[in-house]
Amino acid sequence: MSYRLGLTGGIGMGKSTAAAMFRDLGHPVWDADAAVHGLYAPGGAAVGPVGAAFPGVVAGGAVDRAALKAELARDPGGFARLEAIVHPLVAADRAAFVAAHGDAPIVVLDIPLLYEKGYQAEMDGVAVVSAPAAVQRARVLARPGMDEATLGLILARQMPDADKRRLADWVIPSGTLEGARAAIMDICAAIMAKRPHA
């Protein structure tokens, strides 16, 4: 049975980089955002039900994310309907990934809103990627189309970094690549040391 390690962190904290480092060490990584993209793509399991719930948001056999975003802006109550459709599909995708990698010592589950949505209960441990607020802000504002107002809206949906660090089993400092890599190697070593030997 694999050790299910939840990986989380706020926007701009370096979570994608940390996930890539786990992959480089040979640990399978499930990506929540990628799972949603797959569900919205042509042939994805969410296309039919999302199209039925939000007429006009499916184009070319896929969910048009811009159209869906515009629809949700018009109908804030639509978020609950969308989550009711998508969350069970994402959970099924995650469970299938864990089952498919049952022989891996560690399976990393990359979930941006892990604590906000209560997914920590499904994990054996959680690592949070963290950087100083100024570093986070600079990274995010350097992204195309990003501004202070948008960043503020995103941060309002996310648990404060200090709370995540307090709740997590491990903190991965992402100020430098070397520091992040060393922390990740320490986490993997600690998990492997806990595992029963075959």
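How are α2 and α5 oriented to each other? In this predicted model, helix α2 (residues 32–40) and helix α5 (residues 78–100) pack at an angle of about 110°, with their axes 10 Å apart. Angles of 65 to 115 degrees count as roughly perpendicular, and α2 and α5 are therefore roughly perpendicular to each other.

Two packed helices are described by the angle between their axes and the distance between the axes.

| Helix pair | Angle between axes | Axes |
|---|---|---|
| α1 (residues 15–24) and α9 (residues 177–194) | about 50° | 10 Å apart |
| α2 (residues 32–40) and α5 (residues 78–100) | about 110° | 10 Å apart |
| α6 (residues 133–141) and α7 (residues 148–157) | roughly 120° | within 10 Å |

**The pair α2 and α5**

The crossing in which α2 passes α5 is right-handed. On the side of α2 the contact is made by A35, V36, L39 and Y40, while α5 contributes L82, V86, L89, V90 and D93. Sorted by class, the residues in this contact of α2 with α5 are eight nonpolar, no polar and one charged.

**The pair α1 and α9**

With an angle of about 50° between them, α1 and α9 are therefore oblique to each other. Here, too, the crossing is described by its hand, and α1 passes α9 in a right-handed crossing. The residues that make the contact are T17, A18, M21 and F22 from α1, together with L177, A180, R181, I184 and C188 from α9. When these residues of α1 and α9 are grouped by class, seven are nonpolar, one is polar and one is charged.

**The pair α6 and α7**

The axes of α6 and α7 cross at roughly 120°, which makes α6 oblique to α7. The crossing of these two helices is right-handed. The contact of α6 with α7 divides into four nonpolar, one polar and two charged residues.

**Aromatic rings**

How many aromatic pairs does the structure hold? The count is zero, although a ring does take part in another kind of arrangement, in which the charged end of R94 sits over the ring of Y119, at 4.6 Å from the centre of that ring.

Methods:
Residues are numbered from 1 along each chain as its sequence is written. This is a predicted model: local features need pLDDT of at least 70, side-chain atom pairs count only at pLDDT 80 or more; totals for chains, interfaces and linings use all residues. Side-chain values use heavy atoms; hydrogens and water are left out. Axes are lines fitted to C-alpha atoms, for helices over the stretch in contact, and angles run from 0 to 180 degrees between N-to-C directions. Helices (H or I, at least four residues) and strands (E, at least two) are DSSP runs, numbered from the N terminus. Angles under 35 degrees count as roughly parallel, over 145 as roughly antiparallel, 65 to 115 as roughly perpendicular and the rest as oblique. A crossing is left-handed if the near helix is turned anticlockwise from the far one by less than a right angle, and right-handed if clockwise. Contact means heavy atoms within 4.5 Å. Ala, Val, Leu, Ile, Met, Phe, Trp, Tyr, Cys and Pro count as nonpolar, Asp, Glu, Lys and Arg as charged, and the others, Gly among them, as polar. Rings of Phe, Tyr and Trp (its six-membered ring) pair if their centres lie within 6.5 Å; planes under 30 degrees apart count as stacked, over 60 as edge-to-face and the rest as tilted. A charge sits over a ring if NZ of Lys or CZ of Arg is within 6 Å of the ring centre and within 35 degrees of the ring normal.
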